[in-house]
Amino acid sequence: MIKYILKKIGYMIVTLWVILTITFFLMNCIPGDPTQDSMKVLPEAVANNLKARWGLDKPLSEQYVIYLKNLLHGQMGESYKTPGLTANQIISERFPASLQLGLQAVAVGLILGLILGILAALHRGRWIDFLTIFIAIIGVSVPSFVFAALLQKYAAGSYFPIVGWSSKGMGIGQIFQYTFLPTVSASISGIATYSRFMRSSVLDVLSNDYILLAKSKGLSNFQIVKRHVLRNAITPIISIVAPQVANIVTGSFVIERIFSIPGLGRYYVESVNGRDYPMIMATTLFFSFIFIFCMVLMDILYAIVDPRVRKSIIEGNK
Amino acid sequence: MSNLLEVKNLEVSFHTYAGEVKAVRGVSFEAKAGECLAIVGESGSGKTVTSKAVLGLIATPPGEVKKTSEIIFDGQNIMNYSEKEWRAYRGKDAAMIFQDPMTSLNPTMKVGKQIMESILLHSKVSKDEAKKRALELLKMVNIPNPEERMNQYPYEFSGGMRQRVVIAIALACNPKLMIADEPTTALDVTIQAQIIDLLKKIQKENNTAVVMITHDLGVVAGMADDIIVMYAGRIVEKGTVYEIFNEPKHPYTDALLKAVPNLKNENKSELRIIPGTPPDLIAPPKGCGFASRCQYCMGICKEQSPEYTRFSGSHEAACWLNHPMAKEVYGIKDIKEVFEDGK
């Protein structure tokens with residue numbers, strides 16, 4: 001198992017290098033350069049000075065080598081748009097809020113989604129099933145900012161503040177108070193997706209002979225679901241959840257904007273718009289890292305849930 | 001010997017979009033302790049539905065077991081059981097062995113745990129005792145290295161081994177009634193023989209009543225005491241093994257027996273088949289279900305459902321050819337002459 005994980009980490013490094021290289025050269029293919037701004041035109045001397053400072057006057061291949069060298073030392077460079085702050089600092093400052101929101105949203109999405117999906121499958125054709133299908137359709141087709149705006153409209157003046165985020169030193173009650181609305185709006189698409197997939201997965205499992213065998217043993221429905229359905233039904237869900245987790249914990253541009261959350265989300269968009277090269281590289285690499293990390297986590301989870309996968313992993317490394 | 005299980009006028013329907021499928025239309029039979037009752041018939045004749053109804057495994061909806069049906073187990077009409085009573089009965093009093101061992105075990109649960117599950121459910125024993133019992137069961141069904149096998153998953157077992165595990169699960173609480181739904185269909189022939197021997201041994205040792213559902217007449221001949229032949233949701237003939245194999249009184253039974261390939265036959269004759277398909281059970285025929293495929297079909301067969309004619313204490317069949325009038329018309333003493341004739 002350890003050998004397997006080491007191997008996965010090796011692949012991860014290679015993948016990250018490939019992504020880094022492609023992004024680096026693609027980024028330089030964008031017309032214009034960081035000294036150009038649609039709002040104002042810099043005098044040529046100033047622009048050249050800036051280019052020299054950022055090392056943009058050197059040939060592209062040299063820039064690439066310098067970037068790699070810095071990266072190996074853990075330095076992702078100073079942001080062009082916010083001088084004085086390095087990309088490392090921005091990410092380490094901004095990521096915690098995004099991570100917290102993301103994890104809360106995934107947790108809520110998974111808990112509600114799975115419960116709804118299971119109930120819908122068990123009571124197929126009854127009201128709970130239709131409710132789940134309804135939520136799934138609404139949740140998938142209506143964008144999260146619509147929910148966010150609606151929540152703000154109806155929650156305004158209530159117990160839940162419509163903007164802001166938890167900060168250090170807050171008690172659990174206050175954290176709940178400040179993070180409730182953003183978490184709800186970020187989790188809706190998750191609830192929709194997970195419940196829909198869980199419903200069909202549970203239905204699939206329920207049609208198996210081993211469920212009938214479990215019933216013929218005299219187990220109650222609850223025991224059957226707990227012991228025989230859950231583990232078998234959850235496997236397909238893992239592969240859907242993993243990439244979504246990566247997406248959601250790295251920050252959402254829209255939700256963070258609407259609720260004024262100091263997260264990482266806006267940098268993905270703003271760095272590209274502003275041709276902030278170090279930030280483009282940093283956000284891309286960071287996202288890729290989290291994504292691949294989630295994928296490795298998914299493989300490990302698979303092995304925990306399904307003994308057949310475990311066996312193939314162990315055998316593949318003999 | 002008294003009857004352990006009595007099924008009276010069992011009727012099961014399934015409500016589908018196309019209409020009500022009358023899968024079982026008034027089936028009555030008895031099973032005795034220590035004896036094996038075989039239910040034979042082609043696919044869709046209602047064998048499996050009948051057996052599932054006995055264990056209360058018909059999903060409702062879409063299924064429906066008609067109120068007038070009676071299933072009497074050990075003197076109790078279990079049709080009146082509450083869900084809780086059903087659960088106490090399933091697994092403990094009656095257990096089932098399923099057709100396909102490849103799909104009837106939970107792939108993500110250790111085999112030992114799957115056996116222990118029903119022991120722990122029905123008897124108040126500690127985990128260690130349940131484990132001991134599970135080991136005994138695995139030994140009883142001839143699984144080598146049971147200690148090691150207990151901690152393995154179903155995918156590490158072959159088909160025959162899995163079926164042994166399924167049998168071990170069924171045996172876990174020493175049920176009085178064991179229903180085996182085509183237990184050998186998915187296995188190859190040598191394994192089939194082993195499984196049949198195992199079932200026979202268990203039946204003798206535990207004095208279990210076995211209801212064996214199959215379409216393999218070879219299995220029936222070797223194991224059963226009594227046979228029920230089902231067709232289109234009805235019993236067309238029932239009797240002892242000897243009576244069914246040697247003195248069939250229904251054209252369908254006769255055709256089934258003749259359809260068994262004969263290895264001794266050297267002159268490479270064609271396989272005998274029964275032409276046609278079973279009737280649509282959404283709109284079952286007014287008369288005999290087999291009429292459209294029966295080569296001896298008479299006018300009345302399509303008009304009126306035949307009643308059971310009794311030939312001995314154990315043997316009866318539902319065919320108009322056994323009616324005194326039919327015999328008179330054909331000038332025969334027994335239906336046998338008609339079958340021999342081949343017409």
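Student: What should I know before I start?

Tutor: Residues count from 1 along each chain as its sequence is written, and chains are lettered from A in the order in which they are written. Since the model is predicted, local features need pLDDT of at least 70 and side-chain atom pairs pLDDT 80 or more, while totals for chains, interfaces and linings use all residues.

Student: Which residues form the nonpolar patch on the surface?

Tutor: Patches join nonpolar side chains (Val, Leu, Ile, Met, Phe, Trp, Tyr) within 5 Å, from residues with over 30% relative accessible area and no salt bridge. Here they are Phe145(A), Val146(A), Leu150(A), Tyr154(A), Phe253(A), Val254(A) and Val269(A), with about 580 Å² of accessible area together (Shrake-Rupley, 1.4 Å probe). H6(A) gives the largest share, four residues.

Student: Where is Phe253(A) placed?

Tutor: Phe253(A) sits in helix H10 of chain A; helices are DSSP runs (H or I, at least four residues).

Student: How many residues does each chain bring to the contact?

Tutor: Contact means heavy atoms within 4.5 Å. Chain A brings 21 residues and chain B 27 residues. Together they bury about 2,300 Å², 62% of it on carbon and sulfur atoms; that is accessible area (1.4 Å probe) lost on being put together, summed over both.

Student: And which side chains meet in a salt bridge?

Tutor: A salt bridge puts a side-chain nitrogen of Lys or Arg within 4 Å of a carboxyl oxygen of Asp or Glu. There are two between chain A and chain B, including Arg227(A) with Glu117(B) at 3.2 Å, N to O. On chain A's side of the contact, H8(A) supplies the largest share, six residues.

Methods: Side-chain values use heavy atoms; hydrogens and water are left out. Patches are made of residues with over 30% relative accessible area and no salt bridge: like charges are joined within 9 Å, nonpolar side chains (Val, Leu, Ile, Met, Phe, Trp, Tyr) within 5 Å. Helices (H or I, at least four residues) and strands (E, at least two) are DSSP runs, numbered from the N terminus. Buried area is the accessible area (1.4 Å probe) that two parts lose on being put together, summed over both.
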